[in-house]
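Hello,

Here is the structure I promised to pass on to you. Have a look at it first, and then read my notes below.

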Amino acid sequence: MKPQQVREWVRAARRIVVLSGAGMSAESGVPTFRDAQTGLWAKFRPEELATEEAFRARPQMVWDWYAARRESLAKVEPNAGHHAIAAFQQRHPGRLTVVTQNVDGLHQRAGSPGVLALHGSILEDRWLEAPRPCCAGAEPLPGRPPRCGVCGNLRRPAVVWFGEMLPARELAAAEDAAAACDLMLVVGTSGVVYPAAGLARATQGRVVIVNPQASELDDAADAVLRGTAAALLPELLED
Ligand code: NAD
């Protein structure tokens, strides 16, 4: 399948979903989960750090891991793929919905409106336990992690950890968008993390994979484009 054919599908589509994963941000210099395990953190697997259990057992260590990822995110910019999506949305309001597994905020920074961030945001944090009036009443005490000065409740990254439920509102909106779209571009995801990957299997619309390597969703696709997000999306989404 040639990109030109997919561009015709884009032109004809009334509703489009972009389902993005870590590969979407690779060309911005954000490592995918597996590539991120370098240096100090190489001896830990993400599955060992990105869980509530790990945070409760070693809050400082998990907080520091996220702090390192936040710091490196401050130095990166959205790439040509993020910009091509946002520009399309601005030219065609309401026609394209971004559903992302990424927590890096790069779609939002490129100017995409209404991004459905299924796995939360690494740029924000929230209370570990349901907040009591004391938690809301004052600034958290600085620390790694910060805590409520009265009850000790901890701040935690506002991401969805392994084993946690996805945010219900975002997931329902993503399911609605997947059901209503006639074209889904699946960009930079290995397709192994559910329920996000299930959206590509549930849609009645055409499914196009944009990924330089094989993914678990290739068998669900009407077209597979072997290329990168920043190289292909500007071409696919131009008018
Ligand atoms: P993944 O790391 O499992 O897979 C990344 C996929 O992107 C691979 O299939 C790879 O071939 C592809 N890829 C690599 N470079 C690409 C490029 N330039 N263009 C297009 N595709 C490219 O990522 P996943 O499927 O998103 O699942 C991992 C989980 O990790 C997700 O739940 C996500 O929340 C989280 N995560 C997020 C970020 C981020 O926010 N940027 C980074 C790492 C992990």
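D218 is buried, because its relative accessible area is 18% and buried means under 20% relative accessible area, with exposed over 50% and partly exposed in between (1.4 Å probe, protein chains only). You will find D218 in the loop between strand 7 (206–210) and strand 8 (223–225); helices (H or I, at least four residues) and strands (E, at least two) are DSSP runs, numbered from the N terminus. The side chains of D218 and R226 are joined by a polar contact of 2.7 Å. That term stands for a pair of N or O atoms within 3.5 Å; within protein, one must be able to donate a hydrogen and the other to accept it, and residues adjacent in sequence count only if both atoms are side-chain atoms. Apart from neighbours within four places in sequence, D218 is in contact (heavy atoms within 4.5 Å) with I209, V224 and R226.

A word on where this comes from: the model is predicted, so local features need pLDDT of at least 70 and side-chain atom pairs count only at pLDDT 80 or more, while totals for chains, interfaces and linings use all residues. Residues are numbered from 1 along each chain as its sequence is written, and side-chain values use heavy atoms, with hydrogens and water left out.

Now for the domains. The domain assignment gives domain 1 (1–29 + 78–119 + 165–239) and domain 2 (31–75 + 121–159); such bounds come from an automatic or database domain assignment. Their centres, taken over C-alpha atoms, are separated by 28 Å. Eight residues of domain 1 are in contact with nine residues of domain 2.

Where does the ligand lie? Both domains give residues to the shell around the ligand, so the ligand lies between them. There are 25 residues around the ligand, and Q101, V103, D104, T189 and S190 come nearest; a residue is near if one of its heavy atoms lies within 4 Å. By class, the shell holds 10 nonpolar, 13 polar and two charged residues. Here Ala, Val, Leu, Ile, Met, Phe, Trp, Tyr, Cys and Pro count as nonpolar, Asp, Glu, Lys and Arg as charged, and the others, Gly among them, as polar.

Some distances are worth a look. A polar side-chain atom of S190 lies 2.6 Å from an oxygen atom of the ligand, and a backbone N or O atom of V103 lies 2.7 Å from a ligand oxygen atom. For E27, a polar side-chain atom lies 2.8 Å from a nitrogen atom of the ligand. Taken alone, the ligand exposes 850 Å², and the protein buries 89% of that (areas from the Shrake-Rupley method with a 1.4 Å probe; for residues, only the protein chains shown count as cover).

L185, in strand 6 (residues 183–187), counts as buried because its relative accessibility is 0%. Leaving out residues up to four places away in sequence, L185 touches V6, V17, V18, L19, V208, L233 and L237. V62 sits in helix 4 (residues 59–73) and also counts as buried, at 0% relative accessibility. With the sequence neighbours up to four places away left out, V62 touches L49, A54, F55 and W161.

Finally, the peptide bond from R144 to P145 is cis, with omega near 0°, and the bond from Y194 to P195 is cis, with omega near 5°.

Best wishes
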